[in-house]
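Dear colleague,

I am handing over a structure for your attention. Please look through the sequence and the model first; my findings follow below.

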Amino acid sequence: GCQQSFDAMERGLEAFAKYVPRDVVKMMLSGAMGRSSIMAWKTVSILFADIAGFTSICETTQTEVLVNLMADYFQAMCEEIVLTGGVLDKFIGDCVMALWNVPLQLPGHPSAACRAALTMQQRLVQHNERWTLDGLPELRFRAGLNSARVLVGNYGCDYRINYTALGDGVNLASRLEVSNKAFGTVVMVSESTMEGAAAEFVFR
């Protein structure tokens with residue numbers, strides 16, 4: 001009866017939340033966010049985290065083993081993102097893209113993004129210790145962070161809509177992640193993120 005229908009709806013919403021950020025689902029259900037593709041300018045902090053040497057890891061690791069390893073990796077990284085108030089935007093291959101200060105406001109979002117990058121790194125060290133004991137490859141990531149005014153909202157078409165961010169500020173975060181390789185660094189932040197998090201973190 002009603003209880004079965006309610007349980008089915010709850011299971012459906014839980015499944016839906018695996019494809020769309022949970023806060024976005026809540027806002028859609030409450031009517032605070034429509035299904036249109038209209039986007040709005042918002043100031044957010046953006047993180048890109050990409051696994052170093054992933055191509056060679058793919059070439060030397062069995063597919064089934066790699067899938068399970070990546071699931072473990074993504075779970076750990078996303079937990080740290082959510083714990084700091086962030087929203088997982090998407091996976092791009094082995095890359096994680098995350099946002100802070102959307103869809104709900106988060107004071108001090110540059111600091112939150114920096115905190116996530118550091119706790120993700122600490123969490124990865126712990127996982128690597130276990131993975132190497134199991135004979136699995138060690139993973140390392142490089143991250144780029146930027147805080148900027150970008151377009152945020154539902155983006156796509158009638159067949160598929162993603163909640164995401166677009167703009168030069170997003171591109172800069174991605175380029176900072178790539179620049180780590182040239183400078184031998186692990187986490188690189190923009191000037192705007194550094195200024196927003198200067199009270200809590202030391203930068204060089």
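**Findings from the predicted model**

Asn101 is buried, with a relative accessible area of 16%. Please bear in mind that this and every other value in this message comes from a predicted model. Asn101 is placed in the loop between S3 and H5, and its phi is near 85 degrees, a positive value in a residue other than glycine. Pro103 is also placed in the loop between S3 and H5. A cis peptide bond, with omega at about -5 degrees, joins Val102 and Pro103. Both features deserve a mention because most residues other than glycine have a negative phi, and most peptide bonds are trans.

**Overall organisation**

The protein chain contains 7 helices and 6 strands. Read along the sequence, these follow the pattern α-α-β-α-α-β-β-α-β-β-α-β-α. Of the 204 residues in the protein chain, 41% are buried. Taking the contacts between residues at least 6 apart in sequence, 68% join residues at least 24 apart.

**Packing of H4 against H5**

Two packed helices are described by the angle between their axes and the distance between the axes. Helix H4 covers residues 63–83 and helix H5 covers residues 109–133; the two pack at an angle of about 150 degrees, and their axes are 9 Å apart. Angles over 145 degrees count as roughly antiparallel, and H4 is therefore roughly antiparallel to H5. The crossing in which H4 passes H5 is right-handed.

Which residues make the contact? On the H4 side they are Leu69, Asp72, Tyr73, Ala76, Met77, Glu79, Glu80 and Ile81. On the H5 side they are Ala116, Thr119, Met120, Arg123, Leu124, His127, Arg130 and Trp131. By class, the contact of H4 with H5 has 9 nonpolar, 2 polar and 5 charged residues.

**Nonpolar cores**

The largest nonpolar core has 30 residues, and those that touch the most other members are Tyr73, Trp100, Met120, Leu139 and Phe141. Two or more residues of this core come from each of these elements: strand S1 (39–51), helix H3 (54–60), H4, strand S3 (95–100), H5 and strand S4 (141–156). There is also a second, separate core of 14 residues, which includes Met97, Leu99, Ala148 and Tyr163.

Leaving out residues up to four places away in sequence, Trp100 touches Val44, Ser45, Leu47, Ile81, Thr84, Gly85, Gly86, Leu106, His109, Ala112, Ala113 and Ala116.

Ala117 is found in helix H5. The residue is buried, with a relative accessible area of 0%. Apart from its neighbours within four places in sequence, Ala117 is in contact with Leu47, Phe141, Leu145 and Val187. Ala117 and Phe141 are 24 residues apart along the chain, and their C-alpha atoms are separated by 9.9 Å.

Asn128 is likewise found in helix H5. At 8% relative accessibility, Asn128 counts as buried. Not counting residues up to four places away in sequence, Asn128 touches Pro137, Glu138 and Leu139. Leu139 is one of the residues named above for touching the most other members of the largest nonpolar core.

Is Thr193 buried or exposed? Thr193 lies in helix H7, and at 1% relative accessibility Thr193 counts as buried. Setting aside neighbours within four places in sequence, Thr193 is in contact with Pro110, Cys114, Leu145, Asn146 and Ser147.

Gly196 is also found in helix H7, which spans residues 191–197. Gly196 is partly exposed, with a relative accessible area of 37%. Beyond residues up to four places away in sequence, Gly196 touches Pro110 and Ser111. Gly196 and Gly108 are 88 residues apart in sequence, while their C-alpha atoms are 7.1 Å apart in space.

With kind regards

Notes
Residues numbered from 1 in each chain as written. Predicted model: local features only at pLDDT ≥ 70, side-chain atom pairs only at ≥ 80, totals over all residues. Heavy atoms only, no water. Axes fitted to C-alpha atoms, helices over the stretch in contact; angles between N-to-C directions. Helix = DSSP H or I, 4+ residues; strand = E, 2+ residues; numbered from the N terminus. Parallel < 35°, antiparallel > 145°, perpendicular 65-115°, else oblique. Left-handed = near helix turned anticlockwise from the far one by under 90°. Contact = heavy atoms within 4.5 Å. Nonpolar A, V, L, I, M, F, W, Y, C, P; charged D, E, K, R; others polar. Core = buried A, V, L, I, M, F, W, Y, C linked by side-chain atoms within 4.5 Å. Buried < 20%, exposed > 50% of the residue type's maximum accessible area, 1.4 Å probe, protein only.
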